Amino acid sequence: MIKLVALIPLFPLLGFLINGFFGKKINKGLSGAIASIAVLASFVIALIIFFELEHSELKSHTVNLFSWINSDTLKIPFEFLVDPLSSWFLLIITGIGFLIHIYSIGYMHNDEGFARFFTYLNLFVFFMLLLVLGNNYLIMFVGWEGVGLCSYLLIGFWFKNTAYNNAAKKAFIMNRIGDLGFLLGIILIFVTFGSITYGEVFSIASGGNEHTITAIALLLFIGAMGKSAQLPLYTWLPDAMAGPTPVSALIHAATMVTAGIYMIVRSNVFYSISEEASHVVAVIGVATALFAATIGLFQNDIKKVLAYSTVSQLGLMFLGLGVHAYSSSVFHVTTHAFFKALLFLGAGSVIHAMGGEQDMRKMGGLKKALPITFVTMLIGTIAISGIPPFSGFFSKDEILAHTYEHSPVLWFFGQIASMLTAFYMFRLLYLTFYRKFRGTHEQEHHLHESPKSMTIPLIVLAILSVVGGLLGLPEFWNLPNWMHHHLDPIIIHKSPSILNHDKEWMLMAIAVFAAGATIFFAYMVYIKNKVLPEANDEKLTGIKKLIYNKYYVDELYDAVIRKPLDIISVFFYKFMDLQIVDGIVNGVGSTVKGISSVVRKAQTGHIGLYIFSMVIGIILILFYSFIK
Amino acid sequence: MLNGIPINYYIMLSAVLFIIGAVGVMARRNAIIVFMCIELMLNAVNLLLVAFSTLHNDASGQVFVFFIMAVAAAEVAVGLAILAMVYRNFKSIDIDLLSRLKN
């Protein structure tokens, strides 16, 4: 059955082709069904393969499809790798992908670009599957670029809006910066090890020069920074909320942005060898977590809050990677995929009910009108805030415990970031669902629970968010940590836990207490004291203003990078291009024109003159050949 | 010796014919006369070819003459057709009028 793995990316590809070519001819119901069934079929095969792998002795299977690049020293087969890591990501992508496809049928039902939407969505799933299935870095890179393209297409899905188009371009360009690092990393791997196939590279990586490996690890991490929105390349992700909400849930929360984490877990051998690179990853991760969490505190757009929350959670995952807690990070990817997809879809349901309104200042009191959305979002919020026994608690706790082993300072900042998370998430919940409705009468009249196709995915994701923690129960409770065992075969250098049980209990207690206290604080502020965010952005002062404006990072990039580039471009245009290049080109032209205006006088058009000069010429030639 | 006439005579005759032809082409403006002069030059060459062919006892020179005659006939046919068209347009066969083609 494992041989069937090639079918997994094939189904979404077929769905993409059908919807892409015939989407306009078939009706909406059919095109949505085709796209969803394609992903469902992949999910079923992924499940079969997952269980087969689980019961198989051999934990790593390669499936060779064809020889792709075959030149002198560069031999790259088109191979898929089925191992615990890729099979797990397959389940997340196709499983969550399927739920979001179903949700989109309801969410997009009035949109004229319905078939186009599903075309892009299926293409995205195809590339994402390629990314995780490839057995070498080049296939991963193809998938990597492909998901970037789909992200661009879907952010700019409503392409008539210039701001949305700009957001799409921003995402694409920011990603390209990271991709360059990734590409250089792949080239360095090839130059150093003579291969880019995972198995071959990892088996000889331990013998490599440590500085080279640090360079490889850092270059790969630059790629991850772009794709997974880490400092300093994170600014595209909040803007990416311009896309339809299911896109934000699938691409910009659950799957694509975790590609960076997948890539680092896949390359864990480099990071285990190079402590410096791991340290960089951990510091960038925690800095991003903290930075994005503070911005999230003062955002008023419901999707922007979730976007900054995603950046912050991704930072936590990178913190886990930096302290070699690879399986914990994958665990957090999983639980995050559950509850963040849930939160985004819930937010989509709210926006749907509000008729497109995204500003939380105009919401409130939606609890009664949207009961299912409220309950599921409450579950998601509790899960992300880290309250036991919901899933977020276990995964976050595991990362923070491993961080504490490495460095209590990093743990402290990580803990602060997760407290801030609890605060802004409950702020979102209180402002949206509690208190009085603050929108217009028309909106109030229009409020309604979303259709079944939207609420069922919410319910399924809510159940997963509750029970997802079972995948990785803490080991010191003498409970099986399934995730840890599952991923064991792909972690090459293992670092056993050195924390004693008292310390772990203490960390857990601190985390729960901190989350509880923050939630209570949020309750006091937004329910008891009925604080509302300033309706007028201009009135903010001091640090609040700084944070509300996202630390002016966009403005900083604008001033430091874009403006100088503009000035240089204008210089090259006005001086180099118009003066020098055009001067040379036009100069050549006018010189030729000048010379020919002299020479053309010889062409009188009198046939007699032509013949006369011809005869004179012949005589001269004859004369010359005689005297020679 | 060709029937007692030295080869130099033939060369002289053909050179004179050729020069008459060439000067005629250059000097005259009537297209018919220009054509006739071209024929004169071709036949000067033919005469020379035939003379040398006999001198060397080699028939290939005479074969060439036939070719030249055939080509000249074709050329005259085309050329006279052009002239007919020129006359139709200009009501004249003065070749200097053809300088209008330069534009």
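The structure holds two cavities of 30 Å³ or more. A cavity here is a set of points, on a 1 Å grid over the protein atoms alone, where a 1.4 Å probe fits but cannot get out, and lining residues have an atom within 4 Å of a point. Grid points are joined across faces, edges and corners, and a volume is the space filled by probe spheres set on the points. This is a predicted model, in which local features need pLDDT of at least 70, side-chain atom pairs count only at pLDDT 80 or more, and totals for chains, interfaces and linings use all residues. Residues are numbered from 1 along each chain as its sequence is written, chains are lettered from A and ligands numbered from 1 in the order in which they are written, and side-chain values use heavy atoms, with hydrogens and water left out.

The largest cavity has about 80 Å³ of space. Its lining includes A:Ser385, A:Phe393, A:Asp397, A:Gln415, A:Met419 and A:Ala511. In chain A, α17 (391-406), α18 (408-433) and α22 (501-528) each give two or more residues to this lining; helices are DSSP runs (H or I, at least four residues), numbered from the N terminus. The most comes from α17(A), with four residues. By class, five lining residues are nonpolar, four polar and two charged, where Ala, Val, Leu, Ile, Met, Phe, Trp, Tyr, Cys and Pro count as nonpolar, Asp, Glu, Lys and Arg as charged, and the others, Gly among them, as polar.

The second largest cavity has a volume of about 40 Å³. Among the residues that line it are A:Tyr234, A:Pro238, A:Tyr308, A:Lys550 and A:Asp554. At least two lining residues come from each of α9 (236-239) and α24 (553-599) of chain A. This lining has four nonpolar, one polar and three charged residues.

Note on methods
1 Å grid on protein atoms, 1.4 Å probe; cavity = no way out; pocket = protein on both sides within 12 Å on 5 of 7 lines; lining within 4 Å.
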